[in-house]
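Subject: Structure for your review

Dear colleague,

Please find below the structure that I am handing over to you.

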Amino acid sequence: MRKNDHMGGINAFVMTAQHGSFTAAAERLGLTKSAVGKSVARLEERLGLSLFQRSTRRLSLTPDGERYLESCLNALEILEQAEAELTSHISRPSGRLRIDLPAAYGRKRILPLLLEMTQQFPELSLTVTFSERFVDLIEEGIDLVVRIGELADSSGLIARRLTSQKLVICASPNYLKRVGAPQKPEDLQQHQCIVGFRRGQPISWLLKQLTGEVTRYTPPPTHELSDGDAMLSAVLAGCGLSQLPLWLVGEELRQGNLCEVLEGHSGGEMPIHALWPKNRQMLPKIRHVVDMLIDASQRGVLD
């Protein structure tokens with residue numbers, strides 16, 4: 001085996017170990033399953049060790065494989081840091097930027113800015129996914145995520161708050177004419193409610209009390225929808241009340257297509273953050289996109 005093939009074997013081994021199969025590793029690396037399997041086999045031959053226990057159903061690491069994986073991950077992190085430091089002086093972002101965004105907010109607020117950025121920096125390529133799920137940036141090879149809501153454990157990541165998502169409870173004029181407007185939160189029990197739906201559970205609303213305290217409230221879910229644009233369509237169609245972000249419904253409120261209700265109670269807010277791995281913070285493509293998002297936030301573009 002030629003020495004310059006060593007890194008290819010290590011990458012194939014690490015990707016296979018992280019994703020549990022040659023097939024999944026091949027998809028991530030852009031290779032065939034056979035090529036990945038042969039690369040790992042050559043690595044095992046060179047080391048004189050079995051790194052995987054193979055069966056017809058699954059691959060699992062041997063004790064030697066577990067130790068080697070830990071060493072490889074540490075070495076790859078050192079290489080990433082060296083690359084980041086070496087390229088930090090480059091003023092123009094280039095290469096592929098992998099970014100994961102919240103679905104409706106990402107399409108409406110973030111994606112136009114990213115597309116504009118690619119016009120300014122044609123050496124930059126995008127891989128953009130839209131999801132609301134937890135993403136392990138390091139394991140999945142993602143450079144940056146934007147997330148709405150309070151952050152869970154973000155060790156190993158840098159988080160930068162961009163703005164806040166302001167929420168309002170609203171309905172169409174036709175619905176309010178037909179059913180009437182709620183006067184207090186307790187009235188929501190008598191209304192049709194359109195609620196968000198994530199990981200098999202309805203998303204609670206944030207209601208502001210007379211004391212100023214914000215509490216969570218789960219309304220009776222007449223309709224459960226997992227996408228913000230779909231929720232907006234249902235509200236516009238007169239299917240009920242919903243608590244939605246102002247960035248999504250602001251124009252509909254201004255045009256009179258929707259009306260805000262329970263104004264004294266619906267002013268909940270949720271933070272919006274950008275997060276990226278600590279060991280990639282010096283890469284120009286990350287630095288530029290974060291700076292762009294911060295500038296857009298300061299100009300009110302992300303609200």
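The notes below describe what was found, beginning with the whole chain and ending with single residues.

Please keep in mind that this is a predicted model.

Overall form

The protein contains 10 helices and 14 strands. Its C-alpha atoms fill a box of roughly 75 × 50 × 35 Å along the principal axes. The radius of gyration is 24 Å, whereas a compact globule of 303 residues would have a value near 19 Å. Of the 303 residues, 43% count as buried.

Two packed helices

Two packed helices are described by the angle between their axes and by the distance between those axes. In this model, helix α2 (residues 22-29) packs against helix α3 (residues 33-47) at an angle of about 105°, and their axes are 8 Å apart. Angles of 65 to 115 degrees count as roughly perpendicular, and α2 and α3 are therefore roughly perpendicular to each other. On the α2 side, the contact is made by Phe22, Thr23, Ala25, Ala26 and Leu29. On the α3 side, Lys33, Val36, Gly37 and Val40 take part. Sorted by class, this contact has 6 nonpolar, 2 polar and 1 charged residues.

A pair separated in sequence

Glu80 lies in helix α4, which covers residues 63-87. With a relative accessible area of 33%, Glu80 is partly exposed. How far apart are Glu80 and Asn279 in sequence and in space? They are 199 residues apart in sequence, and their C-alpha atoms are 6.9 Å apart in space.

Cysteines

A disulfide is a covalent bond between the sulfur atoms of two cysteines. How many disulfides does the structure hold? The count is 0. Is Cys193 buried or exposed? Cys193 has 0% relative accessibility and so counts as buried. Cys72 also counts as buried, with a relative accessibility of 6%. For both residues, the reasoning rests on the rule that buried means under 20% relative accessible area.

Yours sincerely,
A colleague

Terms used:
Residues are numbered from 1 along each chain as its sequence is written. This is a predicted model: local features need pLDDT of at least 70, side-chain atom pairs count only at pLDDT 80 or more; totals for chains, interfaces and linings use all residues. Side-chain values use heavy atoms; hydrogens and water are left out. Axes are lines fitted to C-alpha atoms, for helices over the stretch in contact, and angles run from 0 to 180 degrees between N-to-C directions. Helices (H or I, at least four residues) and strands (E, at least two) are DSSP runs, numbered from the N terminus. Angles under 35 degrees count as roughly parallel, over 145 as roughly antiparallel, 65 to 115 as roughly perpendicular and the rest as oblique. Contact means heavy atoms within 4.5 Å. Ala, Val, Leu, Ile, Met, Phe, Trp, Tyr, Cys and Pro count as nonpolar, Asp, Glu, Lys and Arg as charged, and the others, Gly among them, as polar. Buried means under 20% relative accessible area, exposed over 50%, partly exposed in between (1.4 Å probe, protein chains only). A disulfide is a pair of cysteine sulfur atoms within 2.5 Å. The radius of gyration is taken over C-alpha atoms; the globule rule is 2.2 Å times the number of residues to the power 0.38.
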